[in-house]
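Visitor: I would like to go through this structure with you, taking one region at a time. Could you guide me through it?

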Amino acid sequence: MDTFASLALATEEPTQALLERKPYPKTAPLLSKKMTKHILGQSILQLVILIVLTFWGDKIFNIPTGIYVKMENQEDADKKVPTQHMTIIFNTFVWLQLFNELNARKIHDEINIFSGITGNAVFLYVTVFQVAMQVVLVQFTGRVFNCKPLDLDQWLICIAIGALSLPWGLFLRSISVKNAPNWMAFCREADDVEVRQVMSGRGQELWLRGLARIRAQIRVIRAFKKGLQSRMLIKDGSVV
């Protein structure tokens, strides 16, 4: 699933706003505070949902528990028979990722995450393919992927829970990271003064290195010219 998500997101065409954005300095972090905010925020949401479904999902859906140590039929537990309980957890987790792919289309806290989505056919095709594969895995693979088919109501609930990633992502985008702690950037962010100092030092180094190369080339040219002049004098003397 990660491979398909990477393929879908990597095919986003550059927008005019992206082309007009100033380039990042070399000292900028690989993971910015905004990216870390969304990673942690979505992780917390998914963790809470999956914990609730794991320990109370059987009661919420009114189905037998899928936790093997709590199953009444010990023979099914020993054989690890697929259960709707665990299938619902798996299905919900996948839908959380699929909806979060839409959030991942915009990484600068843009409000409209659907902007330009119709212009990226690859993203749409890959998303449809992932949805189709998820239906096949849950409904038709059985023991191969340890899934038990779900009914329509269970499917709709799983999709609805997965869709919570969208409003949660909107909430995260409304949170400013200006005063966020520095540890949220995996590589220390440098302020403008530090960037200028680094770039200034780098510029001086390149300037001095360039001057040294020019001087070396001038010495080579002078030596070559001096050698030619010496040969010309010797040749003229021999002729005389």
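The questions and answers below concern a predicted model.

Visitor: Is Arg 105 buried or exposed?

Guide: Arg 105 sits in the loop between helix H5 (84-103) and helix H6 (121-140). Its relative accessibility is 10%, and since the cut-off for burial is under 20%, Arg 105 counts as buried.

Visitor: How many residues apart in sequence are Arg 105 and Ala 8?

Guide: Not counting residues up to four places away in sequence, Arg 105 touches Leu 9, Glu 12, Ile 113, Phe 114, Ser 115, Gly 116, Ile 117 and Phe 123. As for Ala 8, its C-alpha lies 9.4 Å from that of Arg 105 in space, whereas the separation of the two in sequence is 97 residues.

Visitor: Are H5 and H6 roughly parallel or roughly antiparallel?

Guide: The axes of H5 and H6 come within 11 Å and cross at roughly 175°. Because angles over 145 degrees count as roughly antiparallel, H5 is described in relation to H6 as roughly antiparallel. The residues making this contact include Phe 90, Val 94 and Leu 98 of H5, together with Phe 123, Thr 127 and Val 131 of H6, so the arrangement that these side of the pair share is roughly antiparallel.

Visitor: What does Val 48 count as, given its relative accessibility?

Guide: Val 48 belongs to helix H3 (residues 33-61), and it contributes to a nonpolar surface patch of about 760 Å² together with Ile 44, Leu 47, Ile 51, Val 52, Phe 55, Trp 56 and Ile 60. With a relative accessibility of 47%, which falls between the cut-offs of 20% and 50%, Val 48 counts as partly exposed.

Note on methods
Residues numbered from 1 in each chain as written. Predicted model: local features only at pLDDT ≥ 70, side-chain atom pairs only at ≥ 80, totals over all residues. Heavy atoms only, no water. Patch = residues over 30% accessible without salt bridge, like charges linked within 9 Å, V, L, I, M, F, W, Y side chains within 5 Å. Areas by Shrake-Rupley, 256 points an atom, 1.4 Å probe, with all protein chains shown as cover. Salt bridge = Lys/Arg side-chain N within 4 Å of Asp/Glu carboxyl O. Helix = DSSP H or I, 4+ residues; strand = E, 2+ residues; numbered from the N terminus. Buried < 20%, exposed > 50% of the residue type's maximum accessible area, 1.4 Å probe, protein only. Contact = heavy atoms within 4.5 Å. Axes fitted to C-alpha atoms, helices over the stretch in contact; angles between N-to-C directions. Parallel < 35°, antiparallel > 145°, perpendicular 65-115°, else oblique.
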